[in-house]
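Okay, thanks for making time. Let me put the model up, and then I'll walk you through it.

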Amino acid sequence: MITEEIPLAKPVLGEAEEAAVLEVLRSGQLSLGPRVPAFEAAFAARIGARHASAVSSGTAGLHLALRAVGVSDGDEVITSPFSFVASANVVLYERARPVFADICPRSLNLDPQAVAAAITDRTTVVLPVHIFGYPADVPALEAHGLPIVEDACEALGAVHGDGVAVGGRGHPAAFGFYANKQLTTGEGGMLTLGSDAHKETIDSERNQGRAPDMGWLDHDRLGFNYRLSDIACALGLAQLERLDDMLAGRARAAASYRQALAPLVSERGLELPCEDAGGDRRGWFVFVVQLPHGVDRDGTIRALRELGVHSKPYLPAIHLMSFYRERFGHRPGEFPIAEDVAARSIALPFFPELSEGQVARVAEALERVLR
Ligand SMILES: Cc1ncc(COP(=O)(O)O)c(C=O)c1O
């Protein structure tokens, strides 16, 4: 009998968020108000970035970042096939081509050597993804000398081995605030930036192409509506104040999983998210395990569900999605590491308030199913 359903994710919102949102509602200024620059300044300070620009989603942030560094028709952007589809789609928005390179089996992030092998005279940008909150090897990618745009949508709280926070190296880096993220505004995102010129272009393009000194209906370039509302910024600001607690909650849940799943690792060959190494620190976002080779993943997910444990395949390889296969002719075997990982990965329930008891129930359920 199922005693309790354990969901995959659960946002932690409390009185501080309610009060902050209520204050905006009562102020009457729901958009283009003072919470936007306040949230940007607090976020930039937290990351150690020169600037930050609030946007309507992580995807919108990546799109504006690619435009700011100058991606256009026919350019090639090297990125990871093991990511959420948005990091490749944004390249297509600018009629450029996403060129995939395989991942490192430990970090599941772009392998800098595979990136080097994929560079051509059309490559204009490298777009690493800090997947599952583990820092991509951006310092190694910097050695290639190409502009970098970082997908940090899953990586709030992550830190590189040299002590620089993910998003703080000066390259445009996009964070996402969808409901399952470390910090959420329901939908939303933030770009961290190291360049004054990028800040100016991005702030204009997110607001229909209007320069700061222009009137409401005057626009001097192509733009979008990628703004983040004051309500969303107030929610974000309130959570930023207790981000360390929320991140610590996730790290605690991850440590409990490591302990509870240890027997399945040694006896059944279950693979856990890599441990921090070389000074790199993960900003915990999801807890994704790789099932042993030969285990039926869909059957495992169904069996877990019958025991009240929610899980899902996470993530499918982008190049093997039907749209990418049809458009670019991708076939299995091109990126063997990404494909192997993608075929065996499942996300387990993971949120800051996941209790020891819930972790134990997930571990027991997985043990029963894999036995
Ligand atoms: C790696 C990655 N890239 C991009 C995105 C897109 O972010 P959003 O859903 O805020 O547009 C997400 C999030 O969902 C993500 O996980």
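I'll go through the strands, a helix, the cores and then the ligand.

Quick housekeeping: this is a predicted model, so bear in mind that local features need pLDDT of at least 70 and side-chain atom pairs count only at pLDDT 80 or more, while totals for chains, interfaces and linings use all residues. Residues are numbered from 1 along each chain as its sequence is written, and side-chain values use heavy atoms, with hydrogens and water left out.

Let's start with β7. Five of the five residues of β7 are buried, so the rest of the structure largely encloses it. Buried, by the way, is under 20% relative accessible area, exposed is over 50%, and partly exposed is in between, with a 1.4 Å probe and protein chains only. In a regular strand the side chains alternate between the two faces of the sheet. On β7, G189, L191 and L193 are buried on one side, and M190 and T192 are buried on the other.

Which strands pair with β7? One is β1, residues 51–55, antiparallel over five bridges; another is β6, residues 173–176, antiparallel over four bridges. For pairing, DSSP has to find at least two bridges between the strands.

Now helix α7, residues 196–205. Its buried residues are H198, K199, I202, S204 and E205. Their cover includes α2 (35–47), β1, α3 and β7, counting contact as heavy atoms within 4.5 Å. At the N-terminal end, S195 is the cap: a side-chain oxygen lies 3.2 Å from the backbone nitrogen of A197.

On to the cores. A nonpolar core is a set of buried Ala, Val, Leu, Ile, Met, Phe, Trp, Tyr and Cys residues joined through side-chain atoms within 4.5 Å. The largest one has 44 residues, and L66, F82, L127, F132 and Y314 touch the most other members. The elements giving two or more residues are α3 (58–69), α4 (86–93), β4 (123–127), β7 (189–193), α11 (322–328) and α12 (336–344). α3 has the largest share, six residues. Take L66: leaving out residues up to four places away in sequence, it touches V71, V90, V91, V125, L127 and V149. Apart from that core there's another, of 26 residues, including F39, A52, A54 and A158.

Last stop, the ligand. Around it you'll find S57, G58, T59, S83, F84, A86, V129, D151, C153, E154, K181 and G188, each with a heavy atom within 4 Å. What reaches the ligand's oxygen atoms? A backbone N or O atom of G58 lies 2.8 Å from one, a polar side-chain atom of E154 lies 2.6 Å from one, and a polar side-chain atom of K181 lies 2.9 Å from one. Taken alone, the ligand exposes 380 Å², and the protein buries 92% of that, using Shrake-Rupley areas with a 1.4 Å probe.

Definitions and conventions. A polar contact is a pair of N or O atoms within 3.5 Å; within protein, one must be able to donate a hydrogen and the other to accept it, and residues adjacent in sequence count only if both atoms are side-chain atoms.
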